[in-house]
Amino acid sequence: MLTFEDVLDARDRVSAVARHTPLEYSYAFSDMTGADVHLKLENFQRTGAFKIRGAMNRIETLAETDKEAGVVTASAGNHAQGVALAATRAGVDSKIVMPDHAPVSKVKATERYGGEVVLHGADYSEAQAEAHRIEADEGRTYVHAFDDEMVMAGQGTIGLEIVEDCPDLDTVIVPIGGGGLISGIATAVKAHDPDVRVIGVQAEGASSAAESLRKGEIYEREGVDTIADGIATRRIGDRTFEVIKERVDEVVTVDDESIAIALTYLLEREKALAEGAGAISLAALLSDAVEYDEGETIVPALCGGNIDLNVLTTVVMRGLVATGRYLRFRTILKDQPGALVELGTIIAEHRANITAFHHDRTSRDVAMNDARVELEVETRGPDHVDELLSALRTAGYEVEIVNGYQMSV
């Protein structure tokens, strides 16, 4: 099993390429939660994620004959970039298998770091099977994304940095995909202080670790469904499961809406960009998935920031919807002069801003003298949405919510 000495040994190898990323106190999230919140900004790491640490440690510990044969791996994106950069720096040829629908930004970045990308399969598990075929056919060394003690030890150097920068740590919250990151961090943190809580968090649509702990054996999902593509794995590793059972205090799950809200808040309040897998640790804290005491010192590990711009647009919009910052609704107007002005006046009086408008008088389910209108409106939060909808309904409008915060009125 992974040891603390493995993590300490990894530190010098990892520090040759990886940055010691910031640990910053968050006034915004401390105020929101009542805890003493410090963000581990691993999204500022080289390649944009923590994976460079484990990849560098694994490749640097290969025998020379294995380095000459090259390496192969499978990844949804972040491990791909880490292996590509680490291999290039070590003069090792790398071949990276990524799912067919891996974010374009991660594919391009992997190629820029010197890796040869092979697109194969619907998800990580199918990409992994293809990578193992290449391993056998070409004699390459397979660099596992998580279920390898040298990879886990490299990721554990994050834990060394956390306890160095925050010695009074009470709780650390860590994302779980396959379990390599939390295995390494838990090993480092528990060696510093066994009483520090290590809490893992998964997306509800990829909750293999949570189910495995509940069942007492590794549980493999039939599929995964989450916006947090970096942790969208069907199962955790055999080695990581053993470490998690021994050194992780609890594993919780959060839904995609909570992830979107956390990502949106990070952008707005901390000016920090995280991908879904990076924001999920904060999502666990903000959504009350984690229990904690007032003033408790908590470190959510923001493990990556490699989010595709198209995905970012969708996720931020979901976050705005969930927090009452965006509302799209339909209503029926009399098809006569001044009707639209009256509706717009109510919206303006309640300080909402119309950003888009569609007018339809031809639908068969609309009376001959009526018109259906659909509006997109910027709002300032749930109370503002309630206020606006109450005013519209009081004025006699029947309002159908198309996309927006689920109001209480």
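**Close-up views of charged side chains**

Glu-161 counts as buried, because its relative accessibility is 9%, where buried means under 20% relative accessible area, exposed over 50% and partly exposed in between (1.4 Å probe, protein chains only). The views show a predicted model, in which local features need pLDDT of at least 70 and side-chain atom pairs count only at pLDDT 80 or more, while totals for chains, interfaces and linings use all residues. Residues are numbered from 1 along each chain as its sequence is written, and side-chain values use heavy atoms, with hydrogens and water left out.

**View 1. Lys-40 and Glu-161 form a salt bridge.** The closest N and O atoms of this pair are 2.7 Å apart, a salt bridge being a side-chain nitrogen of Lys or Arg within 4 Å of a carboxyl oxygen of Asp or Glu. Lys-40 lies in strand β2 (residues 36-41) and Glu-161 in helix α8, so the pair ties together parts that are 121 residues apart in sequence; helices (H or I, at least four residues) and strands (E, at least two) are DSSP runs, numbered from the N terminus. Lys-40 also counts as buried, because its relative accessibility is 0%.

**View 2. Arg-53 forms a salt bridge with Glu-42.** Here the closest N and O atoms are 2.7 Å apart, and the pair links Arg-53 in helix α3 (residues 51-60) with Glu-42 in the loop between β2 and α3, eleven residues apart. Arg-53 is buried at 0% relative accessibility, and Glu-42 is buried at 1%.

**View 3. Glu-275 and Lys-106 meet in a salt bridge through their side chains.** The distance from N to O is 3.0 Å. Because Glu-275 lies in the loop between α12 (256-270) and α13 (276-286), and Lys-106 in helix α6 (residues 104-112), the pair ties together parts that are 169 residues apart in sequence. Glu-275 counts as buried at 1% relative accessibility, and Lys-106 is buried with a relative accessible area of 1%.

**View 4. A network of salt bridges links Arg-328, Arg-330, Glu-374, Glu-376 and Glu-400.**

**View 5. Asp-168, Asp-170, Asp-293 and Glu-294 form a negative surface patch.** Patches are made of residues with over 30% relative accessible area and no salt bridge, like charges being joined within 9 Å and nonpolar side chains (Val, Leu, Ile, Met, Phe, Trp, Tyr) within 5 Å. Asp-170 is found in the loop between α8 (149-165) and β7 (171-175), and Asp-170 is partly exposed, because its relative accessible area is 33%.

Notes:
Areas by Shrake-Rupley, 256 points an atom, 1.4 Å probe, with all protein chains shown as cover. Lys, Arg positive; Asp, Glu negative; His and termini not counted. Charge placed at Lys NZ, Arg CZ, Asp CG, Glu CD.
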